[in-house]
Amino acid sequence: MSTATTTTYTVELPSDAENVSRSTARASFQVDDSPPSEDGQTQGLTKSVLLKLASAAFSFFVSGVNDGSIGALIPHIIRDYGVTTAIVSALYAASFVGWLSAALSNTHLNHRLDLGAMMVLGAAFQVVAHALRAWPTPPFGLFITTFWFASIGQAFQDTQANTYVATEKGLTVHRWLGFIHAMYMAGCLVAPFAASPIASSPSGDGSSQWYLFYTVPLGLGVANLALAMVAFRDTFRFRPRVRALDPSTVAPEKSASALIKETLTTRSVWVISLFFFFHLGVCVTAGGWVVEYLVDVRDGDLRQMGYVPAGFSGGCLLGRLLLPDPTHKFGERRMIFIYCLFCLAFQLVFWLVPNIIAASIAISFLGFFLGPFFATALGVGTRLFPPDIRSTALPFLFVFAQLGGSLFPIVTGILGAHVGVSVLQPVLAGLISASAIVWLFVPQPQTKRE
């Protein structure tokens, strides 16, 4: 039986408040420090919480629309700009730099900006990115730069959304994390159906108008920005300076540098980061290069192959919706390793069976069993990490994930320029195997918050 405790804080209001009244210059409030309910069941969601969950889920959907369109657009981008697969891989490098920038700045910003302000800032960066893309063939350098804007925006918003869902009391964490990450895959599923028809419809001179697709995520981005401002309006502010009435009862707030140092010395952070490194390498490499592979190696029709990533994303979507409960019930360590074996089996079918239909089905099943990886590992990490470093550790996980999601597509593109895009297959098989091996070293959480 857990015992609820409360801690009293004093907020130092701005100096102009003191001009109104000395008695109102200090405001006390109480924070409920009691742990979440042991049964992990939802204790009645308020409208405010539901709106925040909707905003978090929609932010992932918008990110998915952006990321899920890349595979369908890359062949058109290569041909329109007249660049090689190695050069177009620069967009993955720009994405990584965006996530790295966010990881380096997130902890410092969290000391100044509250949850809502960080969500809105992330949404605003994404709106800027899409606005710079949605005009006739932007300069290649500018186009690449927009991936930095999009990635740093996704990093700020996704990190805060994950932290909110993973720590909000009364939620069944593994299910809600599975849901918001399923919304990301829903965006990835929708994106090819919007991107392929637009990119395949020639203009008057016969060239592709692929850039018009970005009016879609631009509109969604504006809606995402508005929803974040409404849902998180109670924390759309600078963080107040907080001090304890009795300093002996509450530990002093750690500096950003101290939190970063503690994060970097926590073993579980590194192990789970390495798992994310290989896992996202699989997802982004498969989704980004499968169309070019089927066109170049399997002689598929470009206008039809652009829809294949939708099968991969659809599989991930179903996996994230259907597999969280059995994964949670039978144990995360056991089930994720089993899923890795299934993924490797379907990857071998994709590789060794020279048939486009078989490849499309195999990559859909590959996506299905990859589906629960991200949310499951995130939930495990949330239980393993000390509470005070979670907001620092999560961006660190994401930047390692994006390092894998950027590095391996770049390597695939560079190798593809020299030996052919067929190199995609051994790269994917190796990444899946590495994910399985690293997962065996992830510590087992002693208690379950769900």
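Predicted model: local features only at pLDDT ≥ 70, side-chain atom pairs only at ≥ 80, totals over all residues.

Colleague: How many salt bridges does a search of the whole structure find?

Modeller: The search finds 5. The criterion is a side-chain nitrogen of Lys or Arg within 4 Å of a carboxyl oxygen of Asp or Glu.

Colleague: Which residue does Lys52 pair with?

Modeller: Asp234, with the closest N and O atoms 3.3 Å apart. Lys52 lies in helix H2 (residues 47-68) and Asp234 in the loop between helix H9 (215-231) and strand S3 (242-244), so the pair ties together parts 182 residues apart in sequence. Helices (H or I, at least four residues) and strands (E, at least two) are DSSP runs, numbered from the N terminus.

Colleague: Is Lys52 buried or exposed?

Modeller: Buried, at 6% relative accessibility. Asp234 is partly exposed at 42%. Buried means under 20% relative accessible area, exposed over 50%, partly exposed in between (1.4 Å probe, protein chains only).

Colleague: What does Arg237 pair with?

Modeller: Asp114, at 2.9 Å between the closest N and O atoms. Arg237 sits in the loop between H9 and S3, Asp114 in the loop between helix H5 (90-110) and helix H6 (115-133), so the pair ties together parts 123 residues apart in sequence. Asp114 is buried at 8%, while Arg237 is partly exposed at 41%.

Colleague: Switching topic. How many cavities of 30 Å³ or more are there?

Modeller: There are 5. On a 1 Å grid over the protein atoms alone, a cavity is a set of points where a 1.4 Å probe fits but cannot get out; lining residues have an atom within 4 Å of a point. Grid points are joined across faces, edges and corners, and a volume is the space filled by probe spheres set on the points.

Colleague: What volume does the largest cavity have?

Modeller: About 590 Å³. Its lining has 33 residues, with Asp67, Tyr184, Leu280, Val284 and Gln402 nearest the centre.

Colleague: And the second largest cavity, how much space lies there?

Modeller: About 130 Å³. H17 gives the largest share of that lining, 5 residues.

How values were computed:
Residues numbered from 1 in each chain as written. Heavy atoms only, no water. 1 Å grid on protein atoms, 1.4 Å probe; cavity = no way out; pocket = protein on both sides within 12 Å on 5 of 7 lines; lining within 4 Å.
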